[in-house]
Amino acid sequence: VSGAGLTKTESQAYRFLNLFGRRMDAKLAGEAALRQLYRAAPPGVAYTIVRPSGLQDGPSKGPAALELNQGDEAAGFISR
């Protein structure tokens with residue numbers, strides 16, 4: 001699990017969240033390491049990077065509320 005806005009390293013949100021133990025830099029490095037590992041993987045072996053855009057407390061909304069996107073756009077919230 002990574003985080004939305006990860007590729008937007010110049011954004012205010014990235015800079016703010018990175019103040020807490022450089023966590024955004026660590027997530028970016030983790031994604032890069034994962035991609036590097038899978039470059040050498042046998043054909044047919046795949047991976048998925050999950051980038052939730054916001055975590056909140058509250059009851060689960062269930063799978064029907066899940067929103068799938070490609071790229072790096074913030075879109076909604078997910079319960080912890």
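Leaving out neighbours within four places in sequence, Asn 18 is in contact with Arg 23, Met 24 and Asp 25. Contact here means that heavy atoms lie within 4.5 Å. The model is predicted: local features need pLDDT of at least 70, side-chain atom pairs count only at pLDDT 80 or more, and totals for chains, interfaces and linings use all residues. Residues are numbered from 1 along each chain as its sequence is written, and side-chain values use heavy atoms, with hydrogens and water left out.

Asn 18 belongs to helix H1. Helices are DSSP runs of H or I with at least four residues, strands are runs of E with at least two, and both are numbered from the N terminus. The relative accessible area of Asn 18 is 11%, so this residue is buried. Buried means under 20% relative accessible area, exposed means over 50%, and partly exposed lies in between, with a 1.4 Å probe and protein chains only. The side chain of Asn 18 also reaches the backbone nitrogen of Met 24, at 3.0 Å.

Arg 22 sits in the loop between helix H1 (12–18) and H2. Its relative accessibility is 53%, so Arg 22 counts as exposed. The backbone of Arg 22 has a phi near 55 degrees, a positive value in a residue other than glycine. Most residues other than glycine have a negative phi.

The protein chain as a whole has two helices and two strands. Read along the sequence, they follow the pattern α-α-β-β. The C-alpha trace spans about 40 × 35 × 20 Å along its principal axes. Of the 80 residues, 16% count as buried. Contacts between residues at least 6 apart in sequence were also examined, and 42% of them join residues at least 24 apart. The accessible surface comes to about 6200 Å², and 58% of this surface belongs to carbon and sulfur atoms. These areas come from the Shrake-Rupley method with a 1.4 Å probe; for residues, only the protein chains shown count as cover.

Charged side chains number 10 positive and 7 negative. Lys and Arg count as positive, Asp and Glu as negative, while His and the chain ends are not counted. The centres of the two sets lie 3 Å apart. Each charge is placed at NZ of Lys, CZ of Arg, CG of Asp or CD of Glu.

With a relative accessible area of 4%, Glu 31 is buried. Its side chain joins that of Arg 51 in a polar contact of 2.6 Å. A polar contact is a pair of N or O atoms within 3.5 Å; within protein, one must be able to donate a hydrogen and the other to accept it, and residues adjacent in sequence count only if both atoms are side-chain atoms. Not counting residues up to four places away in sequence, Glu 31 touches Ser 2, Leu 6, Ile 49 and Arg 51.

A search of the whole structure finds two aromatic pairs. Phe 16 and Phe 20 form an edge-to-face pair, with 5.3 Å centre to centre and 80 degrees between the planes. Rings of Phe, Tyr and Trp (its six-membered ring) pair if their centres lie within 6.5 Å; planes under 30 degrees apart count as stacked, over 60 as edge-to-face and the rest as tilted. Phe 16 is partly exposed, at a relative accessible area of 48%. The rings of Tyr 38 and Tyr 47 have centres 4.9 Å apart and planes at 45 degrees, so this pair is tilted. Tyr 38 is partly exposed at 29%, and Tyr 47 counts as partly exposed at 33%.

Tyr 47 lies in the loop between H2 and strand S1 (55–56). Leaving aside neighbours within four places in sequence, Tyr 47 is in contact with Leu 34, Arg 35 and Tyr 38. Tyr 14 is 33 residues from Tyr 47 along the chain, and their C-alpha atoms are separated by 24 Å.

Arg 80 is found in the segment after strand S2 (78–79). At 66% relative accessibility, this residue counts as exposed. Setting aside neighbours within four places in sequence, Arg 80 is in contact with Leu 55, Gln 56 and Asp 57. Arg 80 and Pro 59 are 21 residues apart in sequence, and 8.4 Å apart in space from C-alpha to C-alpha.
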